[in-house]
Structure formats: structure tokens, C-alpha cells
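Colleague: I would like to learn how to read pockets and salt bridges in a model. Can you take me through one?

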Amino acid sequence: MTRGNARELAVHLIYGRIFTGEEPEQVVSVRLDKEYYEKLSDENEVYSDRPSRAQLRYIDSVVAGVANREEELNATIQQFSIGWDVTRISKLTRSIMQLAIYEIQYVEDVPTGVAISEAVRLSKKYDNEDTGSFVNGILGSFARAQSATETKE
């Protein structure tokens, strides 16, 4: 399994929490349970390989991180999605952007460009080309603002 696949799994778990209300640890343990996981492989190819220990640490970390900072991440999405109310953005696209912003701000071994390009890839895969452009615009604006802030410091 690649980091990209682990990221995609994390998006599924972040998105799933919206409907289940489960705690991050619970959603990870239930959805990544070997028996449950194997059943999902028929529905989506991302479930064909099990995550390694390193990938499980990444998934645990980002799912919990996004859950713990959800309000902050949504406020950031709102700030950079000019003319859009964050509640009008699909829950899946919002989950993808939450993960990308979390990675940019808090995951040191994920370059900003990778977080953005993976978010665009996932939004195109699960939504459409226009959504990919929308996500790229919001995350690009956010990244430029982050870079400007870091340069001033």
C-alpha cells in the first residue's frame, strides 16, 4: 500500500465519521478490522492491500488530528472559499480539504505540493473535474497565504 492509498483510506474514515459520530480511534479500529476491511475490497480497490504499521500510524494520526481540529479546518476552508458557504461544499470534498490542510499545517513529512495534488486527485476521483479545480484553488490560496506568513516570521 502506498502513502496515497493510506491518505485515501484516511479520507474515507474522516468522511465516515460525519455519519457515524464515532470517535477517531473507534472508526479506525472498526473500519480497519481485518474481517471488515476484506469485505470492502470488493467495493474499492484501495482496500485490496492492508496498511503497514507506518501507514496505520499515519492514518491514526491524521484521522484523530482532523477530528480534533475540525472547527479550525472548516474555518480555514471557509476563509479561502470566497463566495461559498462551507456547508454548501459536499461532505466528501470538505473531508478531502480538511485532510490536506491538516497535512500542510501539522504533518512534517508531507510537502505542501503533495498534499494539494493528492487532494485534487481524490476530489476528481470521487467527484468531478470541476471539483478538482475548486479544491486546487482553495488549497493553493491557503498554501500561498501560509507561505507569506512564514516568510514574514
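Modeller: This is a predicted model. Its largest pocket has a volume of about 200 Å³.

Colleague: Which residues line the largest pocket?

Modeller: The lining consists of H12, L13, G16, V27, R31, Y36, L40, E43, N44 and Y47. By class, five are nonpolar, three polar and two charged. Helices α1 (3–20), α2 (24–31) and α3 (34–40) each supply at least two of the lining residues, and α1 gives the largest share, three residues.

Colleague: Where does N44 sit, and is N44 buried or exposed?

Modeller: N44 belongs to the loop between α3 and α4 (53–68). Burial is read from relative accessible area, with under 20% counted as buried. N44 is at 12%, so it is buried. Its side chain makes a polar contact of 3.0 Å with the side chain of Y126. Beyond its neighbours within four places in sequence, N44 is in contact with E8, H12, K125 and Y126.

Colleague: How many salt bridges does the structure hold?

Modeller: There are 10. One of them pairs the side chains of E8 and R121, at 3.8 Å from N to O. E8 lies in helix α1 and R121 in helix α7 (residues 112–126), so this pair ties together parts 113 residues apart in sequence. E8 is buried at 1% relative accessible area, whereas R121 is partly exposed at 32%.

Colleague: What other salt-bridge partner does R121 have?

Modeller: The side chain of R121 also meets that of E118, at 2.9 Å from N to O. Both residues lie in helix α7, three residues apart, about one turn of the helix. Through shared partners, salt bridges join R7, E8, E45, E103, E118, R121 and K125 into one network.

Methods. Residues numbered from 1 in each chain as written. Predicted model: local features only at pLDDT ≥ 70, side-chain atom pairs only at ≥ 80, totals over all residues. Heavy atoms only, no water. 1 Å grid on protein atoms, 1.4 Å probe; cavity = no way out; pocket = protein on both sides within 12 Å on 5 of 7 lines; lining within 4 Å. Points joined across faces, edges and corners; volume = space filled by probe spheres on them. Helix = DSSP H or I, 4+ residues; strand = E, 2+ residues; numbered from the N terminus. Nonpolar A, V, L, I, M, F, W, Y, C, P; charged D, E, K, R; others polar. Buried < 20%, exposed > 50% of the residue type's maximum accessible area, 1.4 Å probe, protein only. Polar contact = N/O pair within 3.5 Å; in protein donor to acceptor, adjacent residues only side chain to side chain. Contact = heavy atoms within 4.5 Å. Salt bridge = Lys/Arg side-chain N within 4 Å of Asp/Glu carboxyl O.
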